[in-house]
Amino acid sequence: MRFPLLPDQASTMAPRVDLLYFSLTALSAVMMVIIFLPMFYFLYKYRRGNPANRSPLRIPMWKVEMTWSVIPLILMLGVFGWATDLYFDIERPPAEALEINVIGKQWMWKLQHPEGHREIDELHVPVGRVVKLTLTSQDVIHSFFIPAFRTKQDVVPGRYVSSWFKATQVGTYHIFCTEYCGTSHSGMIGRVIVMEPAQYEEWLTTTRPAETLAQSGERLFRDLGCSGCHMGNSQIRAPRLEGVFGKPVPLADGTIVLADGKYIRDSILLPQSQIAAGYEPVMPTFAGHVSEEELLQLIAYIKSLGAKQPELVR
Ligand code: HEC
Ligand SMILES: [Cu+2]
């Protein structure tokens, strides 16, 4: 009979997290034995009425004190260093990654692939490839947890957070929401389907949608009238958006910000909050007119303009 103590180890991070976890548990167990065994022994030995020798010991106490302070300190600092190293690896996605958007909503997970595929409560990914998730929520705080990958990330409305994994084993694994988010929180369950690369390619082609994420963004860019100001020859002077993504942008108040997803998002929803230097604050807000999915599509589009050079110099 199979009685697993832990979920499968299905990502590169899983064995590393488990090793740290079990090492900490083992270290704590050893410490407990070192403290409790003598304690019980002394309790017994020096119990009332027992004729044990109670005259003071002549040993230098400071040496004893130093030993039992410094050795555990070094051990614990070692654990701290180890855990920090692991934490940074978990927090920093490798550069080359398959980027997938995740939107939490009461009570489901909506996922978007760069090729345009959309899924609900299901995520198809290839084995052996780094997958980077960009996560946000359209209502309350959720938390995206894949136990078999040992990745868990809080998903906060109004922010983009990221998480990554590299699956090492073909199979189907749970996705859970681990932040209580209302009535059906416990039903906010999905699955990751890890496939062989060839199978994954096949899945991509057989279910290929009409547009990629960036193409959907381009269509929105026209339909919402962004292109009128940002690309057309309108009276309004608006910055060209080619090449802006990932670059530092000087603002009217003298500060410089990085044009990441959050900046693009804020530019669309709160255009008055950060004004690009040299431009009038005339961009209207699109809050309430664009959904979280659409925001991510617009961002994908603006990002896809990254490589292109602006036709006009700003
Ligand atoms: C009425 C004209 C107008 C419309 C419509 C408009 N914008 Fe803008 N946009 C501007 C102007 C002017 C600025 C520069 C001032 C500022 O930062 O608010 C700007 C700034 C931006 C920036 C920051 C660019 C930078 O270089 O820092 C982004 C991103 C952006 N807009 C995206 C959009 C998107 C996406 C839409 C459609 C949903 C849109 N805009 C619709 C006029 C417009
Ligand atoms: Cu939730």
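How many bridges pair E9 and E10, and in which sense? I looked this up and found six bridges, in the antiparallel sense.

**Ground rules.** I am working on a predicted model, where local features need pLDDT of at least 70, side-chain atom pairs count only at pLDDT 80 or more, and totals for chains, interfaces and linings use all residues. Residues are numbered from 1 along each chain as its sequence is written, chains are lettered from A and ligands numbered from 1 in written order, and side-chain values use heavy atoms, with hydrogens and water left out.

**Sheet with E9 and E10.** I traced an open sheet of five strands in the order E4-E10-E9-E6-E7, with mixed pairing. My strands and helices are DSSP runs numbered from the N terminus (helices H or I, at least four residues; strands E, at least two). Two strands pair if DSSP finds at least two bridges between them. Strand E4 (122–126) and strand E7 (151–155) are the edges, each pairing on one side only. Neighbouring strands are turned by 20° against each other on average, direction ignored. Axes here are lines fitted to C-alpha atoms, for helices over the stretch in contact, and angles run from 0 to 180 degrees between N-to-C directions.

I then checked single pairs. Ile175 has Gly190 in E10 as its bridge partner. Strand E6 (residues 142–146) runs antiparallel to strand E9 (residues 171–177), joined by two bridges. Phe144 stands opposite Cys177 in E9. Helix H3 (residues 197–206) lies across E4 and strand E10 (189–195), at about 130° to E4.

**Copper site.** Cys177 turned up again here. The copper ion (ligand 2) is coordinated by His142 (ND1), Cys177 (SG), Cys181 (SG) and Met188 (SD), at 2.0 to 2.6 Å. Donors are N, O and S atoms within 2.8 Å of the metal (3.2 Å for Na, K and Ca); water is not among the atoms, so sites may look incomplete. Along the chain the donors follow the spacing H-x34-C-x3-C-x6-M. I read angles of 93 to 125° among the four donor atoms, and the site is tetrahedral; for four donors that label requires all angles between 85 and 135 degrees. The ideal for four tetrahedral donors is 109.5 degrees. Cys181 and Met188 are both buried, meaning under 20% relative accessible area with a 1.4 Å probe, protein chains only.

**His113.** Where does His113 sit? I placed His113 in the loop between strand E2 (108–112) and strand E3 (118–120). His113 is buried, with a relative accessible area of 0%. Leaving aside neighbours within four places in sequence, its contacts include Leu123, Tyr200 and Trp203; contact means heavy atoms within 4.5 Å.

**Cores.** A nonpolar core is a set of buried Ala, Val, Leu, Ile, Met, Phe, Trp, Tyr and Cys residues joined through side-chain atoms within 4.5 Å. The largest has 32 residues, and Trp109, Leu123, Leu133, Phe144 and Phe149 have the most contacts inside it. E10 gives the most to this core, with four residues. A second, separate core of 25 residues includes Tyr160, Cys226, Ile264 and Ile299. Beyond four places in sequence, Leu133 touches residues including Ile100, Val102 and Phe144.

**Other sheet.** I followed another open sheet of five strands, in the order E3-E2-E1-E5-E8, with mixed pairing. Its edge strands are E3 and strand E8 (161–166). The twist averages 25° from one strand to the next. Strand E1 (residues 98–105) and strand E5 (residues 130–137) run parallel, joined by seven bridges. Gly104 has Ser137 in E5 as its bridge partner.

Technical notes
Four donors count as tetrahedral if all angles lie between 85 and 135 degrees; four count as square planar and six as octahedral if opposite donors are over 155 degrees apart and all others between 65 and 115; anything else is irregular. Buried means under 20% relative accessible area, exposed over 50%, partly exposed in between (1.4 Å probe, protein chains only).
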